[in-house]
Amino acid sequence: MILRPPRPDDEAALRRMHAEMAAEHFDVLLAEGTWDEILAEIAREAAGTDLPRGRVRADFLVAEVDGEVVGRVSIRHSLTPFLHDIGGHVGYGVAPEHRRRGYATEMLRLSVERLAGLGVEEVLVTCDDDNRGSAKVIEACGGVLEDVRPVPYGVPKRRYWITAR
């Protein structure tokens with residue numbers, strides 16, 4: 001598996017994944033507009049330039065296995081109060097047809113490794129309290145549950161810390 005920035009030829013795969021996962025209330029693209037506009041926004045966030053209020057420098061990366069896009073990860077370089085409460089450093093998703101193959105675990109492992117390289121020593125990863133699959137992924141990557149916090153709009157969030165090495 002490799003994590004890489006999205007390319008112009010990833011549009012169809014990522015838009016399809018976005019539509020599929022919308023039913024699960026998971027926002028794959030994190031942006032709207034033409035593909036060029038989305039790629040430009042991803043580049044700005046990766047560089048940390050012209051960030052909208054409440055956003056932090058972040059890497060939006062595609063998870064690719066054998067030339068196929070299987071998921072995406074968003075790696076936030078720092079935490080705002082919202083991210084510290086319920087968002088975390090890493091957000092990841094695997095397309096439904098690629099689940100239960102260990103891809104989410106590898107995506108999170110590579111994300112923690114990347115954050116360690118950026119100097120982040122403790123990585124916060126959250127998931128919905130009822131998402132047992134994601135909880136298992138986080139725990140497999142060394143996540144230690146700190147608490148479960150209520151959210152004003154839905155399912156409580158499990159908050160895990162992973163020591164980055």
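Modeller: Let's start with a cut-off: a disulfide is a pair of cysteine sulfur atoms within 2.5 Å. The general idea behind the rule is a covalent bond between the sulfur atoms of two cysteines. Before we apply it, note that this is a predicted model, in which local features need pLDDT of at least 70 and side-chain atom pairs count only at pLDDT 80 or more, while totals for chains, interfaces and linings use all residues. Residues are numbered from 1 along each chain as its sequence is written, and side-chain values use heavy atoms, with hydrogens and water left out.

Colleague: How many disulfides does the rule give here?

Modeller: The count is zero. Look at Cys 127: its closest cysteine sulfur belongs to Cys 141 and sits 12 Å away, which is too far for a bond. Start from Cys 141 instead, and the closest cysteine sulfur is the one in Cys 127, at 12 Å.

Colleague: And is Cys 127 buried or exposed?

Modeller: For that you need the accessibility classes: buried is under 20% relative accessible area, exposed is over 50%, and partly exposed is in between, using a 1.4 Å probe and protein chains only. Cys 127 has 4% relative accessibility, so it counts as buried.

Colleague: Next, helix packing. At what angle do helix α4 and helix α5 pack?

Modeller: In general, two packed helices are described by the angle between their axes and the distance between the axes. The axes are lines fitted to C-alpha atoms, for helices over the stretch in contact, and the angle runs from 0 to 180 degrees between N-to-C directions. Helices here are DSSP runs of H or I with at least four residues, strands are runs of E with at least two, and both are numbered from the N terminus. In this model, α4 (residues 103–117) and α5 (residues 132–140) pack at about 45°, and their axes are 9 Å apart.

Colleague: What do you call that arrangement of α4 and α5?

Modeller: Under 35 degrees is roughly parallel, over 145 roughly antiparallel, 65 to 115 roughly perpendicular, and the rest is oblique. That makes α4 and α5 oblique to each other.

Colleague: Which residues of α4 and α5 make the contact?

Modeller: Contact means heavy atoms within 4.5 Å. On the α4 side you have Ala 104, Thr 105 and Leu 108, and on the α5 side Val 137, Ile 138 and Ala 140. For classes, Ala, Val, Leu, Ile, Met, Phe, Trp, Tyr, Cys and Pro count as nonpolar, Asp, Glu, Lys and Arg as charged, and the others, Gly among them, as polar. The α4 contact with α5 then has five nonpolar residues, one polar and no charged.

Colleague: Now strand β7. Where should I look for Tyr 160?

Modeller: Tyr 160 is in strand β7, which spans residues 154–163. Its relative accessible area is 0%, so it is buried.

Colleague: Which strand holds Ile 162?

Modeller: Ile 162 is in β7, and it is buried at 2% relative accessible area. With neighbours within four places set aside, its contacts include Leu 108, Ile 138 and Cys 141.

Colleague: What about Val 148: in which strand is it?

Modeller: Val 148 is in strand β6 (residues 144–151). At 37% relative accessibility, Val 148 counts as partly exposed. Beyond four places in sequence, it touches Asp 129, Pro 156, Lys 157 and Arg 158.

Colleague: Last one, backbone angles. What is the phi of Asp 50?

Modeller: Most residues other than glycine have a negative phi. Asp 50 is not a glycine, yet its phi is positive, about 50°. Asp 50 lies in the loop between α2 (35–47) and β2 (58–65), and it is exposed, with a relative accessible area of 67%. Arg 100 also has a positive phi, about 65°, and is not a glycine. Find Arg 100 in the loop between β4 (90–94) and α4; at 85% relative accessibility it counts as exposed.
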